[in-house]
Amino acid sequence: MEIIKGAESYRLEGTNKKAVLLIHGYTGTPDEMRPLGDYLNSVGYTVRCERLPGHGTTVEDLKKTTAKDWFATASNACKELLDEFDDVYVCGLSMGGLLAIKVAATLPVKKAAFLATPIFLPDRRIKFYPLLKFFIKELPKRKKNYGNMMKYNHSYEVMPTKPLGSLFALMNDVKNKFVKQVKVPAIVFQSTIEHTVVPKSAQYIYDNLGSAKKELHWLNHSGHLITLDKERMQVFAEIERFFQE
């Protein structure tokens, strides 16, 4: 199995004895989280981001995986950090945000950040998924050009439909169960203009979090990969502030 160059897992050693687990999105790679990882590492955090099963290699590999595999990788990485550090934070983007919610609901992390996390999707084809999956094996993706930050975007060009059933099941579990079980302080970010996640997803997450301390931040100039877009430094600074409070 050959890993796409730039799509590897990474760990950045910090100085403040605190750690952050970053979780990337569906069809994406750890590199889409690297600018955030570098930022948090520069202010002292040890940062770890695992390449989720089926990602960063081939679409055919991804077709063989499910949300159970992705969560196992994320939760195991978190458990290893918890064995090593007293304070562990989790942050996920898109599908990684769903996994981060489940991690925060089931493991003793300190705080959490959820970025562009889907609860509601705009694609009308979803309701036909039980039938479409037998006829359409891959869906084309609408990929935004993030300028010089495209060097961090090694995602697949298409979205395989086979694993989507388990992704939708994860989405429903988060919506109906796990988001309410998150009790730790949490910060939520969502673009108002992106085309992958319906913005009301962020409002739903914020409203239903069990956290006593929580924040919701709207972005008006970013695409779905907010870690690579124009407002990324604003997002990074807010996450740093929230984690340090």
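Let me start with a term: buried means under 20% relative accessible area, exposed means over 50%, and partly exposed is in between, using a 1.4 Å probe and protein chains only. What we have here is a predicted model, where local features need pLDDT of at least 70, side-chain atom pairs count only at pLDDT 80 or more, and totals for chains, interfaces and linings use all residues. Residues are numbered from 1 along each chain as its sequence is written, and side-chain values use heavy atoms, with hydrogens and water left out. When I say helix or strand, I mean DSSP runs numbered from the N terminus: H or I over at least four residues for helices, E over at least two for strands.

Okay, let's go to strand β4. Seven of its seven residues are buried, so β4 is largely enclosed by the rest of the structure. Asp87, Tyr89, Cys91 and Leu93 point one way, while Val88, Val90 and Gly92 point the other way.

And what about the neighbours of β4? Strands pair, by the way, if DSSP finds at least two bridges between them. β2 and β4 are parallel, with six bridges, and in that pairing leucine 22 sits opposite cysteine 91. β4 also runs parallel to β5, joined by four bridges, and there cysteine 91 faces alanine 113. To get from β4 to β5 the chain goes through α4, and this β-α-β crossover is right-handed. That means that, with the strands pointing away from the viewer, the path from the first strand over the helix to the second runs clockwise.

Next, helix α1, residues 34-42. Which of its residues are buried? They are Pro35, Leu36, Gly37, Tyr39 and Leu40. The elements covering them include β1, β2, β3, β4 and α8, where contact means heavy atoms within 4.5 Å. Just past α1, glycine 44 has a positive phi of about 115°.

A salt bridge here is a side-chain nitrogen of Lys or Arg within 4 Å of a carboxyl oxygen of Asp or Glu. Lysine 111 is buried and has no salt bridge; glutamate 245, the nearest side chain of opposite charge, is 5.4 Å away. For charge, Lys and Arg count as positive, Asp and Glu as negative, and His and the chain ends are not counted. So where do we find backbone oxygens by its side chain? A polar atom of the lysine 111 side chain lies 2.7 Å from the backbone oxygen of phenylalanine 242, and one lies 2.4 Å from the backbone oxygen of glutamate 245. Leaving out residues up to four places away in sequence, lysine 111 touches several others, including Tyr89, Val184 and Phe243.

Last stop, the salt bridges: how many does the structure hold? There are 12. One of them joins arginine 48 and glutamate 50 at 2.8 Å, N to O, and arginine 48 counts as buried because its relative accessibility is 13%. Another pairs lysine 144 with aspartate 229 at 2.6 Å, N to O. Those two come from distant parts of the chain, 85 residues apart, with lysine 144 in the loop between β6 and β7 and aspartate 229 in the loop between β9 and α8. Lysine 144 is partly exposed at 35% relative accessibility, whereas aspartate 229 is buried at 5%.

Note on methods
A polar contact is a pair of N or O atoms within 3.5 Å; within protein, one must be able to donate a hydrogen and the other to accept it, and residues adjacent in sequence count only if both atoms are side-chain atoms.
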